[in-house]
Amino acid sequence: MRRLAARGAAGDAGEVAAPAADSSDSAQGRSPSPWRLIDLCAIWDAGVYLPSAACNRASSGVARKRLNEAEKLSSVQEAQLKRLEVTRPRVLGSRERGQVPRMARQPPPPWVHAAFLLCLLSLGGAIEIPMDLTQPPTITKQSVKDHIVDPRDNILIECEAKGNPAPSFHWTRNSRFFNIAKDPRVSMRRRSGTLVIDFRSGGRPEEYEGEYQCFARNKFGTALSNRIRLQVSKSPLWPKENLDPVVVQEGAPLTLQCNPPPGLPSPVIFWMSSSMEPITQDKRVSQGHNGDLYFSNVMLQDMQTDYSCNARFHFTHTIQQKNPFTLKVLTNHPYNDSSLRNHPDMYSARGVAERTPSFMYPQGTASSQMVLRGMDLLLECIASGVPTPDIAWYKKGGDLPSDKAKFENFNKALRITNVSEEDSGEYFCLASNKMGSIRHTISVRVKAAPYWLDEPKNLILAPGEDGRLVCRANGNPKPTVQWMVNGEPLQSAPPNPNREVAGDTIIFRDTQISSRAVYQCNTSNEHGYLLANAFVSVLDVPPRMLSPRNQLIRVILYNRTRLDCPFFGSPIPTLRWFKNGQGSNLDGGNYHVYENGSLEIKMIRKEDQGIYTCVATNILGKAENQVRLEVKDPTRIYRMPEDQVAKRGTTVQLECRVKHDPSLKLTVSWLKDDEPLYIGNRMKKEDDSLTIFGVAERDQGSYTCVASTELDQDLAKAYLTVLGRPDRPRDLELTDLAERSVRLTWIPGDANNSPITDYVVQFEEDQFQPGVWHDHSKYPGSVNSAVLRLSPYVNYQFRVIAINEVGSSHPSLPSERYRTSGAPPESNPGDVKGEGTRKNNMEITWTPMNATSAFGPNLRYIVKWRRRETREAWNNVTVWGSRYVVGQTPVYVPYEIRVQAENDFGKGPEPESVIGYSGEDLPSAPRRFRVRQPNLETINLEWDHPEHPNGIMIGYTLKYVAFNGTKVGKQIVENFSPNQTKFTVQRTDPVSRYRFTLSARTQVGSGEAVTEESPAPPNEAYTNNQADIATQGWFIGLMCAIALLVLILLIVCFIKRSRGGKYPVREKKDVPLGPEDPKEEDGSFDYSDEDNKPLQGSQTSLDGTIKQQESDDSLVDYGEGGEGQFNEDGSFIGQYTVKKDKEETEGNESSEATSPVNAIYSLA
């Protein structure tokens, strides 16, 4: 971040609130002088030149004499920004630079000292007479001494003057009176001496060429203008000439002379071809200051164009073209091989003999040159030689003036600006190449036209006062001084006893009114002259104030300022200052009063605010004026923008927070690179910041926040660095050309603030893949030259891409092409394969060789094959593509394959054999497919590989499904690797069986399948039936009814027993068990007698139910001779009976006895 503090022209020492024009300006109807707006009297504060509020209005005469200096400083603020800007290296990571402290004092630049000196002159210079008082004439405007005019326009020769009474004008031409009234084309402007020569009615401007001088006269004297030399611009035509071809040996020097016609002013010379293409210039071919075109050595390529000298004339804006030169270059190497143009030993490669340098201009070893003081010195040395010489410049006995010297025309010219006597001496140029060196010495003599040491100034005296006019000038040779009065030599003027001439000084004693006149001092030598007018005015005038009364001046705290009080009087009044009506005069300490009456306050404080009174007094009276001073707080940027580094596309915010005097209106604006910033759509300006969205490369630069009021301003600058992709490399050159290598050199593009990390070199060839770029090699970002390895028979073209952290640059423009010679291939195609696309063929494929491995034209491939492990002969065929199909092959048989490259230069190396296979077929079924069921939870599968794989086994496919009777589950598919021959199935249903289908797979597909089923479970029939019935609703209801009936029977039995009914029950404790009573062993009993036993053919089922052999399930027969059982549908068909007396049984017989309910009631 950089800090610059500055103040505006009005606010640096104060702003005048009263009208801008002073009384003298108003009296004459003139606009205020520019010097009213800019004041060179200023201070050096915080390293910044601060101009004060207003110019000394009584010093405009001195100001006019410094008009050129004023123009140079016409924009003080811009000069401050440009001259005081701290040089900042644009590198990353520069935070250590720090910032310039606000009050840091730095040495002022030289121009500040000059400006301050001009300020002192204005404060102590002569006072100008107000225009309402009588005074001799003064020249205010005139044409330049050498006045060149356009012949197509009217001629204007300016001469303006002021005086009271208003002066009259007349002219001389060639030192003779010029009678304007006799020439109808000539007129003089009203209230002016400016001549107008009108050619609308005819006439030749050349007739009016000559030396003119203007005379402005009133009753108090005559003022003279400079002698104005009028010349008419000339642009003569080029003489017609036929130019023969210029024949020159290659490597020899050559000068093509221009010899332009002598124009006025001299034309601008440049060289082009007849087709208006500029001639490319470099250190070998360049144009001299005299307009000639110099070739240090001629090359064959120079005859590819012609050469025409062109002259552009200033006034007519026309270009005249000389007939073109054509070159015929004699050479030992007739072919213009572009590949040799950038060869490091280009001259030897073309058979051009090398030679030491010699000077083409100036010739010889020494010369001399004269230059006038203040002009530019141009020294030139152009040398021939092979190789082209380099030029270096030196000064004997010292160094070149670094602040004024600069090199031009590829170091062939040395220019020193604003020459002074110190620049005289001996300079020499050194021309050198590898063959040797020579030097030329130029002796420089600095002469000088007259220049002022002490220019005479207007002299205002009161009657009886003394005074003097001084005219001192210097030059080389020493100028002579001639005094004139009212345009006449002083020697021929009437004698004046009050006047004494002493060389360059005229002394006046006891002047009277009759002494009023205008004196001219003319000082001259052989190089020019100076003419100055200075009048002597004798007045008797009481004091008067020249500025508006009761001005309000607002100033900034802590600044140095000056309060002006322009006045006039004769004799010259004395001036005193007072503050707030106090009686003590303000002078000394913080105050200083200058000769012209201005009061300087060295540092403004708050207590300096108040009313200041200036009083001018002479013997004729006094006059006074008042100035009210207000002190304001300074404008300060307390949070300044900081240097930032941003990537392209990001958002950046620059802060600028300001503190200012609340009574002043604040304006915040932004500059970019010291120019007003245009706030576009991507930018947002707020009171305290500037935001840039989507930063682009064009946003890089310095940003200055300008916080200003009507009195002062503060500046803060920051630099925004945008990281972008690098610019493309340029100027690719091929050198060191060899059969298998070349050196590529390039000039790096701008890294755009992010260092280049890599360069990628790409190539393109125009035979196999024209227009397609391939990466060749990669190099670090620190190099810009590389030796590239090349392949035979490739027509190369190269380009380079730069890479940094942000991204890649655009590719460079391609280099020139370079073709290498051919050779037999050094390698064979890669990735050779043999695979069948059908069961009876084999397709041989390979990766074709690219342009860099072909090595020659007509690239082809020799394909060989035979069955593996046989002694049969090789089959071979020549192929131009990248595949070949062998037909009628057995299924999946191994082959040996070879593919060899061949071009017109020969065959490649003997290739290695590659094993390929003919086409595959479907495999046979897996062998010995076995299904085992070790338990009800798992099923184990095992198999062997197929007997005939017919290809590369890629796996097995197993499909299986669970089934139970007519029900079939969802099919499950499993894929196995070719090495897997076992698999275990986890059963989810212990009662279902499984059906398995297994097949092997090759690339062609799945082969023959084999199918097996899992073993049946032990009780499959019952389980199946149970599974079918148990889920039926009617079966569930029936089982519930049976359970209810059994419960009722048990209840009835307990009731009967409790009543004492007779039951044939055996008492266990009374009757021992016999071996025929097995149920008693486990504590069970039954209610039947011995006859009521289970049927002999019944057996007990696994779940405890009684089954009859080869019959349906039945219940134990409880009744005598009766049996009860379930039908197949589950209905109860038996009845419960008890043996009774025959009478009792017969008495109770009824049709209802067959019902189970009736049996229950009967038992009850």
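Modeller: Strand S63 (residues 756-765) and strand S66 (residues 795-804) pair in the antiparallel sense, over nine bridges. Strands are DSSP runs of E with at least two residues, helices are runs of H or I with at least four, and both are numbered from the N terminus. Two strands pair if DSSP finds at least two bridges between them. This is a predicted model, in which local features need pLDDT of at least 70 and side-chain atom pairs count only at pLDDT 80 or more, while totals for chains, interfaces and linings use all residues. Residues are numbered from 1 along each chain as its sequence is written, and side-chain values use heavy atoms, with hydrogens and water left out.

Colleague: Which residue in S66 is the bridge partner of Asp758?

Modeller: The partner of Asp758 is Ile803.

Colleague: And which strands form the open sheet, in what order?

Modeller: The order is S64-S63-S66-S67, four strands with antiparallel pairing. Strand S64 (774-780) and strand S67 (818-819) are the edge strands, each pairing on one side only. Strands of a sheet pair through backbone hydrogen bonds, either parallel or antiparallel.

Colleague: Changing topic, how many salt bridges does a search of the whole structure find?

Modeller: The search finds 50. A salt bridge here is a side-chain nitrogen of Lys or Arg within 4 Å of a carboxyl oxygen of Asp or Glu. One of them joins Lys283 and Asp390, with 2.7 Å from N to O. Lys283 lies in the loop between strand S18 (268-272) and strand S19 (285-287), and Asp390 in strand S28 (residues 390-395), so the pair ties together parts that are 107 residues apart in sequence.

Colleague: What are the relative accessible areas of Lys283 and Asp390?

Modeller: Lys283 has 37% and is partly exposed; Asp390 has 42% and is also partly exposed. Buried means under 20% relative accessible area, exposed means over 50%, and partly exposed lies in between (1.4 Å probe, protein chains only).

Colleague: Which residue forms a salt bridge with Arg657?

Modeller: That residue is Asp688, and the closest N and O atoms are 3.6 Å apart. Arg657 belongs to strand S54 (residues 657-659), whereas Asp688 is in the loop between strand S57 (683-685) and strand S58 (689-692), 31 residues apart. Arg657 is partly exposed at 27% relative accessibility, and Asp688 is partly exposed at 29%.

Colleague: What about Arg898, which residue does it bridge to?

Modeller: Arg898 forms a salt bridge with Glu910, the closest N and O atoms being 3.6 Å apart. Salt bridges that share partners also join Asp454, Lys457, Arg472 and Asp504 into one network.

Colleague: On to rings. How many aromatic pairs are found, and why is Tyr994 with Phe996 classed as it is?

Modeller: There are 19 aromatic pairs in the whole structure. Rings of Phe, Tyr and Trp (its six-membered ring) pair if their centres lie within 6.5 Å; planes under 30 degrees apart count as stacked, over 60 as edge-to-face and the rest as tilted. The centres of the Tyr994 and Phe996 rings are 6.2 Å apart and their planes are at 25 degrees, so the pair is stacked. Tyr994 and Phe996 are both buried.

Colleague: Which residues do ring pairs link into a cluster?

Modeller: The cluster consists of Phe929, Trp943, Tyr956, Phe976 and Phe983.

Colleague: Finally, which charged residues sit over the ring of Tyr529?

Modeller: Lys145 lies over the face of Tyr529 at 4.1 Å from the ring centre, and the charged end of Arg227 sits over the Tyr529 ring, 3.9 Å from its centre. The criterion is NZ of Lys or CZ of Arg within 6 Å of the ring centre and within 35 degrees of the ring normal.
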